[in-house]
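Below is a short report on one protein chain.

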Amino acid sequence: MRNATRRRLTAALAVGLVMTMTGCGALDSTGSTPTGDALYRAGEKHFIDYSTVMHSVIMAIHEGDWSVDTYGASPVPCRIDGEVAGYAFSWVRMLQPAQLDVDAAARTAGEAFESAGMKVETASRGSGDGAEVTVVATGGPVGRGVVTIRPARGTIEASAATDCFRGDAGDLSDMVFGGLIYDTSWQRFPAFEGPDWSPRFYFPEDGSPVYRDDDGTPVEPQPASTDLPVAPYGAP
């Protein structure tokens, strides 16, 4: 897994996927960059904190199943003060409701973000098929959350991009995926997020359910979220 993860991170660097942050990233309680179990504990906390806020936002808009585009537990390398010294998370959910009330969706999204202590700005752009309403929220554990409503398509997209946290993204990926080849890890991520969602931050090769077939088709019904493998990292 180590070599596979490193190859993936190198590829990300090559195509410019490394996020750039300045002055971000907390040190651990000893004043050092977290490693080992401390890195896993920190990464898990950041993931649970931000994804829980985003869950509350999408459930406020529509309390049903949202399609998972980017699950959000994969650490992405990012720059702190010019150096690749941290990791961040990216998260995307999609919804195409039977009926789309643009004003209600935007208002509800803004209220949910504000309830999480985030600063909110709403804007309308474009016209006709290109029209969209965006609700942008910053701050808190999310960093930057966006809800984009496209009336012509009848879709709502919710996304999040966290701040950059200090720690080795490759080491953290190794622990999150526990031997799983990254090229197939997408099959282990839930295909939908609904009211019974619970955050997962450990996807080992053995004992992790498969949520999508080889061709990307969601498994129906989706595997139960009970009795999931427990990570051997981060014990108190």
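## Whole chain

The protein chain holds 4 helices and 11 strands. Helices (H or I, at least four residues) and strands (E, at least two) are DSSP runs, numbered from the N terminus. This is a predicted model: local features need pLDDT of at least 70, side-chain atom pairs count only at pLDDT 80 or more, and totals for chains, interfaces and linings use all residues. Residues are numbered from 1 along each chain as its sequence is written, and side-chain values use heavy atoms, with hydrogens and water left out.

Of the 236 residues in the protein chain, 44% are buried. Buried means under 20% relative accessible area (1.4 Å probe, protein chains only).

## Helix H4

Helix H4 spans residues 169-177; 8 of its 9 residues are buried, so the rest of the structure largely encloses it. The buried residues are Ala169, Gly170, Leu172, Ser173, Asp174, Met175, Val176 and Phe177.

At the start of H4, a side-chain oxygen of Asp168 comes to within 2.8 Å of the backbone nitrogen of Gly170. Gly178 follows H4, and its phi is positive, near 40°.

## Packing of H2 on H4

Helix H2 covers residues 36-61 and packs with H4 at an angle of about 80°, the axes lying 10 Å apart. Axes are lines fitted to C-alpha atoms, for helices over the stretch in contact, and angles run from 0 to 180 degrees between N-to-C directions. H2 is therefore roughly perpendicular to H4 (65 to 115 degrees).

Gly36, Leu39, Tyr40 and Gly43 in H2 meet Asp171, Leu172 and Met175 in H4. Contact means heavy atoms within 4.5 Å.

Notes
Buried means under 20% relative accessible area, exposed over 50%, partly exposed in between (1.4 Å probe, protein chains only). A polar contact is a pair of N or O atoms within 3.5 Å; within protein, one must be able to donate a hydrogen and the other to accept it, and residues adjacent in sequence count only if both atoms are side-chain atoms. Angles under 35 degrees count as roughly parallel, over 145 as roughly antiparallel, 65 to 115 as roughly perpendicular and the rest as oblique.
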